[in-house]
Amino acid sequence: MLPPRPLHSVMRLTTGDYLFATVAYADIFGYPLTEDDVYYWCIKKIPGRNIRARAIRGVAQRNYFLFLKGRQRIVDHYTRRRRISKKKWEIARLIGYRLQIIPTIFLVGVTGGVAVHNASQRDDVDLFFITAKGTLWITRLLVIVLLDITGIRRRPKDAHVSDKICINMFMSEEALCIPKSEQDLFSAHEVLQMEPLWSRRDTYWRFLQANRWVKKFLPVAWEIKQVGRNQHPKISRWYTRVARQILRWSELPAKMFQLWYMQKRRTHEVITDGVLRFHPRDARAWIRSALAK
């Protein structure tokens with residue numbers, strides 16, 4: 001796992017080191033940064049002029065993009081991926097709009113490569129959900145049914161997943177804070193890179209406030225993100241509240257059914273009272289190795 005504390009708290013680094021580390025982290029994902037991006041995602045808050053006033057050792061520049069020396073090909077790759085991501089964003093928005101019919105969803109967000117416009121043609125679209133209290137499992141079941149009807153859900157054994165929807169994480173409004181054991185640079189990026197398609201009851205803002213720890217790792221990104229709110233739809237109608245209450249009665253049967261169904265299919269899932277996380281593998285290990293290099 002990546003260091004549980006910010007880099008500057010475990011070693012003495014120069015401004016150039018912070019800038020290099022920021023570019024190096026993005027390079028792991030084949031993601032070149034502009035000077036503004038480097039300032040935004042920098043691991044330590046520094047004056048923006050410092051990025052322009054000094055050369056970053058080990059970093060080259062092309063067409064306004066910064067990248068590790070010898071890695072200029074990722075600029076061309078990123079240009080293609082931006083075009084590809086545009087189509088995937090259209091899919092995400094369409095599905096997100098349809099999911100508003102489920103009253104127990106408080107937020108739908110885009111994560112992964114699509115969130116930062118860096119998805120390849122073969123990539124799926126990762127969606128993140130925050131649910132109303134006591135509706136984690138029934139919400140997941142309703143999302144699965146809706147996506148299966150449209151035929152767009154990524155299934156565990158699918159060989160071709162391009163443009164399919166991967167419902168990889170559900171979080172209850174009671175458990176918005178990332179566990180302390182996972183509060184690292186990787187999770188800080190995941191929190192701040194997530195782009196909400198819509199949210200109810202100020203849930204996006206509440207999610208950010210619950211994860212204030214991210215500012216230790218990405219202080220500028222935190223300051224900019226935490227002032228934003230996504231308040232759609234703004235009002236929870238009486239019939240929506242009634243529907244949520246009715247669906248809460250189905251929570252236990254929905255949980256028992258899904259756990260029974262997954263019994264012989266369990267791999268690396270994380271299942272707690274407030275979080276359901278379904279990833280083929282934990283990215284922390286290989287990201288730590290790549291960043292160390």
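Trainee: Why are α2 and α13 called oblique to each other?

Mentor: Helix α2 (residues 15-28) and helix α13 (residues 284-292) pack at an angle of about 130°, with their axes 9 Å apart. Angles under 35 degrees count as roughly parallel, over 145 as roughly antiparallel, 65 to 115 as roughly perpendicular and the rest as oblique, and therefore α2 and α13 are oblique. The axes are lines fitted to C-alpha atoms, for helices over the stretch in contact, and the angles run from 0 to 180 degrees between N-to-C directions. Helices (H or I, at least four residues) and strands (E, at least two) are DSSP runs, numbered from the N terminus.

Trainee: Which residues make the contact of α2 with α13?

Mentor: Contact means heavy atoms within 4.5 Å, and here Ala21, Ala24, Tyr25 and Ile28 of α2 meet Trp286, Ile287, Ala290 and Leu291 of α13. The contact residues divide into 8 nonpolar, no polar and no charged, where Ala, Val, Leu, Ile, Met, Phe, Trp, Tyr, Cys and Pro count as nonpolar, Asp, Glu, Lys and Arg as charged, and the others, Gly among them, as polar.

Trainee: What is the relation between the directions of α7 and α12, and why?

Mentor: Helix α7 (residues 136-150) packs against helix α12 (residues 251-262) at an angle of about 65°, with their axes 7 Å apart. This angle falls in the roughly perpendicular class, and therefore α7 and α12 are described as roughly perpendicular to each other. Their contact residues comprise 9 nonpolar, 1 polar and 3 charged.

Trainee: How do you know that β2 and β3 pair?

Mentor: Two strands pair if DSSP finds at least two bridges between them, and 4 bridges join strand β2 (residues 59-62) to β3, the two running antiparallel. In β3, Phe65 is the bridge partner of Arg62. These strands form a hairpin with 2 residues between them, and Asn63 in the turn has a positive phi of about 50°. Strand β1 (residues 33-34) is also joined to strand β3 (residues 65-68), antiparallel and by 2 bridges, with Leu33 opposite Leu66.

Trainee: What should I know about the model itself?

Mentor: This is a predicted model, in which local features need pLDDT of at least 70 and side-chain atom pairs count only at pLDDT 80 or more, while totals for chains, interfaces and linings use all residues. Residues are numbered from 1 along each chain as its sequence is written, and side-chain values use heavy atoms, with hydrogens and water left out.
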